[in-house]
Structures are given as C-alpha cells and as structure tokens.
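Colleague: I'd like to learn how to read a structure like this one, feature by feature. Could you show it to me and then walk me through?

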Amino acid sequence: MNSTVHRRTSPRTTVVLIALLAMLASIGFAQVSRPAHAADPLISQGKTATASSTENAGTPASAAVDGNLTTTRWSSAFADPQWLQVDLGATATISQVVLTWEAAYGKSFQIQTSPDAATWTSIYSTTTGTGGTQTLTVSGSGRYVRMYGTVRGTAYGYSLYELQVYGTFPTAGGCSTTNAAQGKTATASSTENAGTPASAAVDGNTGTRWSSAFADPQWLQVDLGSTQSICQVTLNWEAAYASAFQIQTSPDATTWTSIFSTTTGTGGVQTLTVSGSGRYVRMYGTARGTAYGYSLWEFGVYTGTGGGNTGVCPTQSDTPDFGPNVHVFDPSMSAATIQAQLNTDFAAQKDTNTAQFANGRVAELYKPGTYAVEDNVGFYTTVAGLGLNPDDVTINGDVTVDAFNSEDAGNATQNFWREADNLAINPSSGSDRWAVAQAAPFRRIDVHGNLQLQPASNGYASGGYISDTKVSGQVSSVSQQQWYSQNSNFGSWAGGVWNMVFAGVTGAPAASFPSPPETVLATTPVSRDIPYLYVTTDGKYHVFVPSLRTNASGTSWPNTAGSSLAMSTFYVVKAGDTATTINAALANGCNLFFTPGVYHVSSALNVTKAGTVVLGIGYPTIIPDGGVSAMNVADVDGVRIKGLLFSAGTTNSAALLTIGTSTAAHAANPISVQDVFFRIGGDAAGKATQSLVVNASNTLIDHVWAWRADHGTGVGWTSNTADTGLTVNGNNVEATGLFVEHYQKYEVIWNGTGGSIIFFQNENPYDPPNQAAWMNGSLNGYAAIKVNSSASGFQGWGWGSYCYFNVNPAVNNYHAFEVPTSGVTLHNLATVSLGNVGTITHVVNDTGAVTPTNTTPSDVISFP
C-alpha cells in the first residue's frame, strides 16, 4: 500500500482518539468492562481464524480471536463483501456471538455457520449494524462460524477487535466430572510444615491445603492408581501461587511428559484443558508468584477423552484451503505463470545465508498432467506430484538442487531441508541433478534418464537418501561422501567415497566394501512407503497410505498396495493453530495435515488414536515453548508420522518426540517415523536433552536426521545443549537411513533386543572446548552409537562416523561405536578425521586403527 492508504497515523486516527477521550471523560474514566455473555462458554478464543482479506500484516485474522479486546484487531480490504471466520475444531451448538468493532464496522452483515467451510447457513442478519459492541443471541450449529459483511459502515474496510463465539460441544465421550485425584496418594517435593501435607490437596476439602518450602522448583504429584487419559486439571490456589509451572504426566513417576506449560500463571482457580495420559500427574512449579512457597487448596484431575470428544473426526473439507504457502499447479495453467511462481519461491528460499534458518516454508504441488518447467528447489521446499502414481505427473525439464550459492567452491554440504516426491522427470539435458546434504529425501520419482547426486562443479557434497525411485539411466554420486538408497530400480550406479549403502535396490553395484565402499543388502527387511497427498478425477484430495512390505526389493509402484483416506478425515494445520486447536483435533479422532509454517506449541501434541496419520509438507516446523515435549505418541498400532521438523525451544525439553510409553509389540502394524528431522540450535539457542525416544517395539525409523547445529545462531558448547539424538528402548525396531550428528554424549543409545540400523552417518560434536569437557568416565569422548548388553540380536550395516574438532584439534574420541562382544553383528564400519582435525582411536570398542591423517577411512569389515 502507498502512504495515503497506511492510515493509522493519518488525521482519522486523531479524530478517533479525540472521540474516545471525550467518551472516557463523559463516564468519568470508568473501568471498561468485557461485554456480557451467555451462560455457555467462550469457544472461539485461540482457534484458527481466516479471512477474505487483510488490510496489512499488522491486522491478521488471528488478532480477532486472541482475547485482546482493545489493542489487536483484524481489518479487511476496502471493498464489499468481506468475511472473517473461525474454525472451532469440532461441531458446536452456538448460542451467542459478540462482535467488538473498531471504528470501521459492518452496516449490513450476516452471522453464518458451516460444517465444512463450504456450505453456509445464516443464523443472524442485519442491514442496520451500529458498530461498537454487538451482543447477538443466535441459535445454530457448525464447526465454522463467520461474519459475512456485505455493506461497510465507513469508507474503510471491516475491522473487529474480537469475534467471540459462545456455545457447547457434544458431551458424548467427554471429560468426566469426577475428580480422579480425590483421596488418592499424593506426594510432594517438600512441605512447609506438618499442617500442610501433600494429602491435603486431594482430600476434597477447600479449607485444607498443601504448601511447599519457599524455593524453586517444587512439585506436587498424585498417583491415580492406573494409567488414565487426562483431559482436565484444576488448580485451586491459596494466595501463594505459581507464576510459571507445568502439568506433567508419567507412567512410573520417573519419566515425565509435560502436557501444559505457562509462564503467566494468575493464581485463583485455574481450569486447564489438557490432553495426555499417565498414572501419575503433577504440578511442577518453576517460578513462584510470591515470596512464599507454592500452596494449593485442591489439585483436581479429570479423566476421559477431552471436552466434546466423540472419537470420530468431525467432517472436514475434501477440497481444503491449504493456505498461502502451498502452490497448486494445474496443467491448464500457462508454463510462464507456473515458472514465475517457481522462480519467486526459489528466490525466497535459495540463499544459504538468509534462508537456511529463516521461517520461509513452501510446497509446490502439481496436479496430474505434463509441465514444461525448471523447478530449482531451495530450503524448506516440497516439490510433489498429486497423482496416485509418479508418472501421473511429468516434468519436461528439471527438478534441481545444486551448489546454488557457492559455485566457485562447489559446496553442497549445507543443502538441507528440501524434498521431491511422487512425479516423473524427463531431464532437459538427459540428467537430473539432486546435489543435497541431509534431510533431503528423493522418493517415488521416475527419472527418465540419469541422476547426478554431486554439484555441477563436482565439489563437496554430503548426503543423502533415495527410496521407491526408478532411474532408467545411471545414478552417479562422484563427490558424495555417503548415501543410502532403498527399494529402488537403477539402470546402474557409479561412485562411492566413504559409505554407500543399498537395500532392496535392483541395479545396485556389487558389494565391495571398503574399496569401493559399497554395502549391499538384497532386500529391506521391513519397510513401507510414505503416506502422500493425491487428487482424484473429481478434484477431491485424499491421502494414500501404503501397506507394510517385508523383504522388499524395487519400487512399490505402480499398483502400490495400501488404502486411501479422504481429506475429510484430516484436520489441516495452518498459521494460527496452537497446541490447543491441534490437540482438540487429535482428541476428536482427526488425522493431521501440517501445511508449511512454523508452529510454537505450549504443550505437547498427543497422538493417542491407532492408525493416526500425521503428514507434513513444506517442512512444517514444531517448536516447543517452556520446556514441554513437542509430540508424544501413545502405545497404539499404525501411527504414521511423515515430513515434520522438530526444532528445540530455548528452554530445555526432556525430549522432542516420544514414540510409545512401553515396549508393547506392534509387529502387524508398526508405528512409522519417516522423513522426520530434529534441530538443536541454528535458528536460536535451542536445548533438548534427547531428540527422539522410541519405546514402542517394531517401530520403523525411516530417514531421520537428528542434528545439534554446528553453525547458525545460538551455537556453542554451553548454548545449544543436547545429550542424545536417538534412544531406542523398544524391541525389533528397525532404522534405515539414520543420520545423527554433533550431540554431546552418546548420540544413539540402543537398548531393545532384535533391532537393526541399516546405514548410519555421524559427525562427532565439533566444539568440545577441551578433552576434560568431553569425557565418558575415564574414556575420551563418547561413542556415536552405544548398543547396550540388553540389545541381544542387534545388527548393523554401513556405519560411518567422522570427527572435526575445530574448536580444539587436540580432542580425541576413543572409539566411534561401543557394543557388547556377543549377541551383536556389525558389517562395514568406517571412521574419518576430516582434515586431520582431531582423531578417533578405534572404530568399534578396541578394534580398528586410529583415523589416518589424510582424510581417508579407517575400516572394519565385520565385528566381532
């Protein structure tokens, strides 16, 4: 907009302020109160809001449901008609709507409801709107509620400080009204005196209380007697309250998961809607609101499936709005129009210095057809076809990743976070180029020609991952240090630097480790292809969910076995969604489809329903705030998580993603974690003790990169702290294409029996300041993989671990891998000192020579 339209500093503002001051004077500066509302609760605050338009970036739709009645607002373009709508997350009965207008109000408007944001029913209409605060008694139902304005009351747009919807959700399967904590065993970190014991907070008497010592932190916990689904917690504070605290659950009173966190506690009576499970529930206080301790009259815990939860996802749209970061192309569009959008996306996401840790996220989706375009793929970009099979979408051109920003040096080692899925490529010059590093999958692609994995200059490259892909010609890796290929068909393969691994690949080279360093398995023991989005001939969206494969070789397509899920079973996560809205969708039985964006969560996302699909495109990034976990998956069959980036918050999280609460078996329908990535630092000084914890047996870990950042913002030995990238407690867990780098203790800990890792790439932490700071007891450093004696039957193929101790080159790691001497079988291991900057003395246990000085491997072909 030009300066004449940016009007908030214009004379109009002065007039409004004068009028407001006059009004306040006329009422003696009385306190402005919130509008009256019906007995039904407010159900719109904090939910996802969208609008037909926004005046500018400072007046988004979300500002009208943030609870701020006087400061933040939504405003539209200066045209009719316009609308603002809120997604309640589930169908509700609506009894009242309150509109708090800014000066630019609606003269004629309707209040409408809808089950799917497509078909609308009017439940209120006026042509004589007055502005101000309008409290409207209505009667209707719907998941979506909107103000639909047809005539503006001023020359400006429509502007609402707040749109408030009051109503109720169905109670079937909802939260119990019985306090499950009352009369149960309670314990605490401390008590102020004998008259304020922990038991007083669960005795049902609001005249007795627990109080703690005058120190931080403190906690109060209750044993429910068995594992329960927790949907609500109530805190009845005495005057000594918590300003910062978490609600946590645990199966054993040892390992805790946060399901609520705040740093702005108010005291009084707090009713918290939560979603989680556990036998033990505790209030964990980290900052007191007074000089005294923590004091609770009563601590209430309520069980069930959550307020309004029916266990069945309310119907969503089969043609959803994916938001502004998803570009859907149709073959009827001109090539010039499509190319212009691709060029715009690439310009925004290209630069290593400006885009690598920025918030830009994008997905480019092609409907079935043929396209003559050049798609250069930058950071945080998904390129995908929307056909049921890859050849339903053909690119006559290239889908390219190169060393875009360092052509002289040819450095592709930071080409992270980009993907290509489910399409065919006819390369313009006979060869497509995919010169990537970590977290850049190339899946379900049909390359009609050659595929080059190195930059055009044949410079530096450190990748990568291919699965379920056909390449009719040759795949050449040239300078790629390592690569993992799975369930694919290649015309041929050329190249290998340190660690090239193939499982179930026809056209793979002969097994020849260590010279050349090719590790070849005839099949992949257990695998399944990724869930993916596609569009039907009638224009509706579905997600295809491929079946489990055992001893697979070659691609799963065409005629991939599996099932199709209608988009109406998915909640589409977009800008403005919070942990509350996302957990409400999960509790109501929805799958999740994350659109490109950055999502801060104040409590863990809890996946509790068997078979739930959590699918992301465009590298949706989940950041936990206040030290909570980012996501927890219950002990249920068949959950599939694909395409997410978990980035640690600045307050330490115990773990970012936890799979299962026990080692229960799921052999018939495992949980899958695919193309899921973890980042500790780089964007900020992130902290997380562990990134991924896998408790559930039979889990499939298929292409994970867990990275404690070695560059970017907030990077340093005491800044982006993280102990371990992956801990596996479950039995018969299989990891394929596993990348874990730079953690400060054991980077992978494996405790479960019968497990396996097929391909592993690792770099030790770059930044130990000295040897004393990086000691495991009496041993120098920590192994990259620690397989404990409990893990009988464990197997590993194609492991590489490299060191580059650039802060202090005198640092040494005693060994790269630490395993029992019996019950474990390993094949084809390598260590490398990059530029002879530090050393690794042995490869596995006490076996293998010290890393050579000339950046070449020290190898062990088999162990023991």
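Predicted model: local features only at pLDDT ≥ 70, side-chain atom pairs only at ≥ 80, totals over all residues.

Colleague: Which residues of α2 are the buried ones?

Modeller: They are I338, Q339, L342, D345, F346 and Q349. These residues sit on the same side of α2, because they cover an arc of only 125° around the axis. A336 and A347, on the other side of α2, are exposed.

Colleague: And how many residues does α2 have?

Modeller: Helix α2 runs over residues 335-349, which is 15 residues. From first C-alpha to last, α2 reaches 21 Å, close to the 21 Å expected at 1.5 Å a residue.

Colleague: Next, nonpolar cores. Which residues touch the most other members in the largest one?

Modeller: For a core, look for buried nonpolar residues joined through side-chain atoms within 4.5 Å. The largest nonpolar core has 79 residues, and L657 and W750 touch the most other members. Another core, of 34 residues, lies apart from it; Y371, A440, I466 and V475 are among them.

Colleague: What does W750 touch, leaving out residues up to four places away in sequence?

Modeller: The list includes L726, V728, V733, A735, I757, V787 and F794. K786 and N788 are also among the residues that W750 touches.

Colleague: Now salt bridges. How many does the structure hold?

Modeller: The structure holds 17. Take K574 and D321, whose closest N and O atoms are 3.7 Å apart. K574 counts as buried because its relative accessible area is 15%, and the cut-off for buried is under 20%.

Colleague: Where do R444 and D468 lie?

Modeller: R444 is in strand β25 (residues 441-447), while D468 is in the loop between β27 and β28 (470-476), so the pair ties together parts that are 24 residues apart in sequence. Their side chains meet in a salt bridge at 3.5 Å, N to O. Both R444 and D468 are buried.

Colleague: And K745, is that one buried or partly exposed?

Modeller: K745 counts as partly exposed because its relative accessibility is 38%. Its partner is D723, with the salt bridge at 4.0 Å, N to O. D723 counts as partly exposed too, at 25% relative accessibility.

Colleague: Which residues are linked in a network of salt bridges?

Modeller: E419, D421, R443, K642, D675 and D702 are.

Colleague: What about backbone geometry? Which peptide bonds are worth a look?

Modeller: Check omega for prolines. The peptide bond from W557 to P558 is cis, with omega near 0°, and P558 lies in the loop between β35 (548-552) and β36 (562-566). F863 and P864 are also joined by a cis peptide bond, where omega is about -5°. P864 is in the segment after β61 (858-863).

Colleague: And where is N422, with its phi near 65°?

Modeller: N422 is in strand β23 (residues 418-426), and its phi is a positive value in a residue other than glycine. N422 counts as buried because its relative accessibility is 0%. N732 also has a positive phi, near 55°, but lies in the loop between β50 and β51. N732 is partly exposed, with a relative accessible area of 43%.

Conventions: Residues numbered from 1 in each chain as written. Heavy atoms only, no water. Helix = DSSP H or I, 4+ residues; strand = E, 2+ residues; numbered from the N terminus. Expected span 1.5 Å × (residues − 1). Buried < 20%, exposed > 50% of the residue type's maximum accessible area, 1.4 Å probe, protein only. Arc of directions from axis to C-beta. Contact = heavy atoms within 4.5 Å.
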